[in-house]
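These are my notebook entries on a single protein chain. I shall record what I looked up, one topic at a time.

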Amino acid sequence: NIEFPVDPERAPSGYPLFNGTAEYVEAAVRGGFDVFSLANNHSFDWGSRGTTTTAQLFSSLSTEAGTYHNGLRDSPEAPITPTVINHDGWSIAFVSITAFSNVRGSSGSINLVDLTDEPVVDGFLDQVSQWDSEFDLIVVSVHAGTEYTTQPDPGKVRFFRDLVLHGAD
């Protein structure tokens with residue numbers, strides 16, 4: 001999970017508005033990471049410019065280093081779609097979602113599935129069911145939850161169980 005946008009024209013920054021560096025991400029690739037989840041509450045900290053520059057970096061890494069990523073969308077009209085990974089004869093769907101964002105108006109740029117919005121959740125679960133017939137394995141990376149708690153939220157527990165029932169592995 002890359003919990004920050006990467007905008008090379010901004011200095012690296014932490015809370016409350018994160019910005020990472022390409023060097024950090026490239027070190028992760030050199031360290032052996034090759035699948036990256038980009039949907040989280042900080043994905044839109046620097047607006048559409050931040051998501052655009054982040055997507056450009058990860059697209060370059062996909063081409064140059066053979067990495068995979070998911071979690072950002074090209075436009076508000078674009079549906080949430082999985083990244084396809086073919087490995088050792090397996091067809092794998094990888095999709096990264098977040099249940100919330102720190103910035104209003106970000107849902108068109110990131111894979112946001114608000115777990116309190118039943119129609120949105122049902123629509124996403126329907127998509128997972130469709131992918132189940134297309135892929136051998138479905139990996140759903142979910143960024144959600146309440147910090148500093150020791151017990152999971154009942155709604156989140158229900159969502160994870162529903163993901164499995166709809167085909168997520």
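**Entry 1: terms and the sheet**

Before reading bridge partners I needed a definition: two strands pair if DSSP finds at least two bridges between them. I also noted that the model is predicted.

I then looked up strand β3, residues 83–87, and strand β4, residues 90–98. They pair in the antiparallel sense over five bridges. I traced two individual bridges. Ile85 has Ile92 in β4 as its bridge partner, and Val84 has Ala93 in β4.

Next I asked in what order the strands of the sheet lie. The sheet is open, has three strands and runs in the order β3-β4-β5, with mixed pairing. The strands β3 and β5 (137–143) stand at the edges with a single partner strand each, so one side of each is left without a neighbour in the sheet. On average, neighbouring strands of this sheet are turned by 25° against each other, direction ignored. As background I wrote down that strands of a sheet pair through backbone hydrogen bonds, either parallel or antiparallel.

**Entry 2: the hairpin turn and a cis bond**

I returned to β3 and β4, which form a hairpin with two residues between them. Asp88 is found in the loop between these strands. I looked up its backbone angle: Asp88 has a positive phi of about 50°, although it is not a glycine.

Which peptide bond did I find to be cis? It is the bond from Tyr15 to Pro16, with omega near 5°. I located Pro16 in the segment before α1 (22–30).

**Entry 3: two helices**

I looked up how helix α3, residues 118–132, packs with helix α4, residues 154–165. The angle is about 30°, and the axes are 9 Å apart. Angles under 35 degrees count as roughly parallel, and α3 and α4 are therefore roughly parallel to each other. I recorded the crossing of α3 and α4 as right-handed.

**Entry 4: the largest pocket**

I turned to empty space, since rolling a probe the size of a water molecule over the atoms shows where it is left.

The largest pocket has a volume of about 310 Å³. I counted 17 residues in its lining. Those nearest its centre are Ala55, Leu72, Arg73, Asp74 and Ser109. Which element gives the most to this lining? It is α2, with five residues. Both α2 (47–65) and β2 (68–70) supply at least two residues each. By class, I noted four nonpolar, eleven polar and two charged residues in the lining of the largest pocket.

**Entry 5: the cavity**

I then asked how many cavities of 30 Å³ or more there are. The count comes to one. The volume of the largest cavity is about 40 Å³.

I listed the residues lining the largest cavity: Ile2, Phe4, Pro5, Leu38, Asn40, Ser43, Gly50, Thr51, Thr54 and Leu72. They divide into five nonpolar and five polar residues, with no charged residues. I marked Leu72 in my notes, as it lines the largest cavity and is also among the residues nearest the centre of the largest pocket.

Definitions and conventions. Residues are numbered from 1 along each chain as its sequence is written. This is a predicted model: local features need pLDDT of at least 70, side-chain atom pairs count only at pLDDT 80 or more; totals for chains, interfaces and linings use all residues. Side-chain values use heavy atoms; hydrogens and water are left out. Helices (H or I, at least four residues) and strands (E, at least two) are DSSP runs, numbered from the N terminus. On a 1 Å grid over the protein atoms alone, a cavity is a set of points where a 1.4 Å probe fits but cannot get out, and a pocket is an open set with protein on both sides within 12 Å along at least five of seven lines; lining residues have an atom within 4 Å of a point. Grid points are joined across faces, edges and corners, and a volume is the space filled by probe spheres set on the points. Ala, Val, Leu, Ile, Met, Phe, Trp, Tyr, Cys and Pro count as nonpolar, Asp, Glu, Lys and Arg as charged, and the others, Gly among them, as polar. Axes are lines fitted to C-alpha atoms, for helices over the stretch in contact, and angles run from 0 to 180 degrees between N-to-C directions. Angles under 35 degrees count as roughly parallel, over 145 as roughly antiparallel, 65 to 115 as roughly perpendicular and the rest as oblique. A crossing is left-handed if the near helix is turned anticlockwise from the far one by less than a right angle, and right-handed if clockwise.
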